[in-house]
Amino acid sequence: MKNWRLVWWVVAVVIFMCLPGCVMAEDSTALTFGIWSLVPPLLAIVLAFVTRQVVLSLFLGAFVGVIMLEGGNIFSAFLTLLSKYLVGAITDSFHAAILIFLMVLGSVVGIIGRMGGTKALADHIGRLAKNEKTAQVATWLLGIVVFFDDYANAVVVGPTMRPLFDKYSISREKLAFIVDATAAPVTGLFIISTWIGYELSLIKDSYASLGISAAPYDVFLSSLPFRFYEILMLLFVVLIAITGRDFGPMWHAEHRARTTGKVIGDNARPLAANIKMEQVYLGDKEAKAHNAWIPIVVLVVSSLVALWYNGGGPGLGYSFDALREAFSNADSSMAILWATVFTVIVTILLALSQRILSLEETMDAFTEGAASMVPALMILTLAWTISGVIADVGTAQFLVGTLSSRLPAFAVAPLVLLVASLVSFATGTSWGTMAIVMPLAIPLAYNVSPSILTLVVGSVLGGAIFGDHCSPISDTTIMASMSSACDHIAHVKTQLPYALSVQLVCLGLYFLGGFISHSWVLLLIGSLAIVFIVRFLGKPITQTETLAHS
């Protein structure tokens, strides 16, 4: 009770402190709140960590932001928050498609679990993954295989590998971390994905504003070796898996899971229903792994086909360039929605045709699976809501404007990385960060030294993905928690030291990039630094402790 009183006092003080900023900005045509623009995202992040109530924290952060926009009128701000920002987040066609997609995907998972497919799949993979190390490597590989979309990646890998992690007493925090670390970092790197069209458009517009004639795809390809965060994060994950070494809060989570068998903490609030699959299996037939494999393969293949079709594939042809262009043009939210609806139809037919479930049992599983997604849907909606608020408040513009000044060449890329990282962490959106920072970073780099342009492009994209990966208000971070049935705050707390460790290495590499032009030299230095971190900061759960539990 005392903690909640403190929270309400903090919120009241924050609102009171914001009133001067509201008064200063309300008469301006273009609202500029300066340092006050940091209040809404910081309040949401701090309250989320302190109270562990993500929904309330996001709502209060958004509410304070709208109070600023409404010139301190609390009543008007409350109405505007609901009518403009909350409803706007839901009615946006992209967001609506993602919400429906998640509910339908939850239904797919529910039916697969009720058929016993998830348990059978875990047993099947379990025969290949002989221990906790190979289980983590298998998850890492699956995350790379589902490369074409970060949303599809997050929601396919988690439910598929969750039973196997439970079998080997690997913490849900570790599963959520691997899922999250192979979602946006993988999708952002691949040359054919739902991200590339957006990235190319930003590069094209930024270069055009300078009067530079450059092929955007060539710039993108040349920047790939300088995408240090994505590359080194993938290396970090596989090293953590192979060596069995962890540090910080993740080590404590792994120690709890290995020594007590508790894959989630005692006070954890998983975002998805934490139901053991053998308890919901209602059929009287032997569980078959193909009842999980078939829907997963159908989802992956149909997603690829849907992305190709939605992006105008039939009119572009079947060449590699045509495929790349179709993926770039596609509306990823609508395409994966099509694929998921098709997958749930196939899954229902699987259950009925094999007479594993009756029609009533199948629809019960459908409803229960969709209902398990409700907590995640609420958080995701509020994450989009606060993103809209802080965009209007001007948080990103303030950060960029404050930190961008005349600089020596070697300092530009590190500063851009720092700005992009701060913006993406505070806003929880990589695409929004790219849209704000890229048009500012490229002219800045060009004016200082044209030779560092590709290095700076890499720092923008890497910094943007950093926040998408680990910010508590990022949609993919939320989806990783949801798909892994992990407490969201526990996921953020355990993976943040890992993300920061890798990003600090990247900061050093971008500094060195002002003096070293060869990307392979920088990647070698970064790889050695990652090996050093895992070896000397990480420590294993001792064999004695693990055996004591088993």
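## A nonpolar surface patch

Patches are made of residues with over 30% relative accessible area and no salt bridge, with like charges joined within 9 Å and nonpolar side chains (Val, Leu, Ile, Met, Phe, Trp, Tyr) joined within 5 Å. Accessible areas come from the Shrake-Rupley method with a 1.4 Å probe, and for residues only the protein chains shown count as cover. In this predicted model, local features need pLDDT of at least 70 and side-chain atom pairs count only at pLDDT 80 or more, while totals for chains, interfaces and linings use all residues. Residues are numbered from 1 along each chain as its sequence is written, and side-chain values use heavy atoms, with hydrogens and water left out.

Trp293, Val297, Val301 and Val305 make a nonpolar surface patch of about 330 Å². Val297 sits in helix α16, which covers residues 290–310; helices (H or I, at least four residues) are DSSP runs, numbered from the N terminus. The relative accessible area of Val297 is 44%, so Val297 is partly exposed. Here buried means under 20% relative accessible area, exposed over 50%, and partly exposed in between (1.4 Å probe, protein chains only).

Contact means heavy atoms within 4.5 Å. Apart from neighbours within four places in sequence, Asn291 is in contact with Ile112, Met115, Gly117, Leu350, Gln354 and Ile356. Between Asn291 and Ala120 there are 171 residues of sequence separation, and their C-alpha atoms are 8.3 Å apart in space.

## Nonpolar cores

A nonpolar core is a set of buried Ala, Val, Leu, Ile, Met, Phe, Trp, Tyr and Cys residues joined through side-chain atoms within 4.5 Å. The largest nonpolar core has 146 residues, and those with the most contacts inside it are Phe101, Leu102, Phe177, Phe228, Met233, Phe236 and Val456. A second, separate core has 7 residues, including Trp308, Ala326, Phe327 and Ala330.

Beyond neighbours within four places in sequence, Phe236 is in contact with Phe177, Phe247, Tyr498, Val502, Ile530, Ile533 and Val534.

## Salt bridges

The whole structure has 9 salt bridges, each a side-chain nitrogen of Lys or Arg within 4 Å of a carboxyl oxygen of Asp or Glu. One of them joins the side chains of Arg172 and Asp166 at 2.7 Å, N to O. Arg172 is buried, at 3% relative accessible area, whereas Asp166 is partly exposed, at 28%.

Glu173 forms a salt bridge with Arg256, with the closest N and O atoms 3.0 Å apart. This pair links distant parts of the chain, 83 residues apart: Glu173 is in helix α9 (residues 172–181) and Arg256 in helix α14 (residues 249–260). Glu173 is buried at 5% relative accessibility, and Arg256 is buried at 18%.

Glu254 and Lys174 also meet in a salt bridge through their side chains (3.5 Å, N to O). Glu254 lies in helix α14 and Lys174 in helix α9, so the pair ties together parts that are 80 residues apart in sequence. Glu254 is buried at 0% relative accessible area, and Lys174 is buried at 0%. Salt bridges that share partners join Lys174, Asp246, Glu254 and Arg258 into one network.

## Confidence

The average pLDDT of the protein is 80, and 83% of the residues score at least 70; pLDDT is the predictor's confidence in each residue, from 0 to 100. Over residues 23–30, pLDDT stays under 50, and the model has 6 contacts beyond four places in sequence for them. Over residues 273–283, pLDDT stays under 50, with 24 such contacts.

Notes:
Helix = DSSP H or I, 4+ residues; strand = E, 2+ residues; numbered from the N terminus.
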